Amino acid sequence: MPIYIMLSTLTDEGAETLKERPERILEVNREVEAMGVKVLAQYAVLGPYDFVNVVEAPDNETVARVSVELASRGSVKIMTLPAIPIEAFIQRLKA
C-alpha cells in the first residue's frame, strides 16, 4: 500500500486544544484510521512543522480526503507528500 508523509502545523486554535487536551492527538489518529489511513509513525518535531506522520493509504484520494477533513477543522494545516520506498525508486531508475 502507498506510503505518505504528512507534515502538520498547528493553528493557534489547534495549539490551544493540544495544550488543554494532549490526548487529542491519539483521538485524531483513531479518526484517521477510521477513514482508511493507517498511522505507521508519528513524531512531534521542532522547526516549521509541529508533527511528521508517516501513514499508509490505499490511494491518493483517500489520503487527500483525510488531509481535507483535518484541515477543514481549522486546527491544523497539512502538507501531504507521497513517499517512494528507496528500493522501488532504484528499480525504477534501472528500468
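Visitor: Which residues is Asn 29 in contact with, leaving aside its neighbours within four places in sequence?
Guide: Those are Val 39 and Gln 42. Contact here means heavy atoms within 4.5 Å. A word on the source: this is a predicted model, where local features need pLDDT of at least 70 and side-chain atom pairs count only at pLDDT 80 or more, while totals for chains, interfaces and linings use all residues. Residues are numbered from 1 along each chain as its sequence is written, and side-chain values use heavy atoms, with hydrogens and water left out.

Visitor: What makes the link between Asn 29 and Gln 42 a polar contact?
Guide: The term covers a pair of N or O atoms within 3.5 Å; within protein, one must be able to donate a hydrogen and the other to accept it, and residues adjacent in sequence count only if both atoms are side-chain atoms. The side chains of Asn 29 and Gln 42 are joined at 2.8 Å, so the pair falls inside that limit of 3.5 Å.

Visitor: Why does Asn 29 count as buried?
Guide: Its relative accessibility is 14%. Buried means under 20% relative accessible area, exposed means over 50%, and partly exposed lies in between (1.4 Å probe, protein chains only). Asn 29 therefore counts as buried. Its place is in helix H2; helices (H or I, at least four residues) and strands (E, at least two) are DSSP runs, numbered from the N terminus.

Visitor: What makes Arg 24 and Glu 27 a salt bridge?
Guide: A salt bridge needs a side-chain nitrogen of Lys or Arg within 4 Å of a carboxyl oxygen of Asp or Glu. The side chains of Arg 24 and Glu 27 meet at 3.1 Å, N to O, so this pair meets the 4 Å limit. Both residues lie in helix H2 (residues 24–34), three residues apart, about one turn of the helix.

Visitor: How do you know that Arg 21 forms salt bridges with Glu 27 and Glu 23?
Guide: For Arg 21 and Glu 27 the N to O distance is 2.7 Å. For Glu 23 and Arg 21, the closest N and O atoms are 3.6 Å apart. Each value is within 4 Å, so each pair qualifies. These residues belong to a network of salt bridges that links Arg 21, Glu 23, Arg 24, Glu 27, Glu 31, Glu 69 and Arg 73. A search of the whole structure finds six salt bridges.

Visitor: Why are Glu 23, Arg 21 and Glu 27 called partly exposed?
Guide: Relative accessibility is 40% for Glu 23, 33% for Arg 21 and 22% for Glu 27.

Visitor: Finally, why is Leu 93 called exposed?
Guide: Leu 93 has a relative accessible area of 58%, which is over 50%, so Leu 93 is exposed. Leu 93 is found in helix H4 (residues 86–94).
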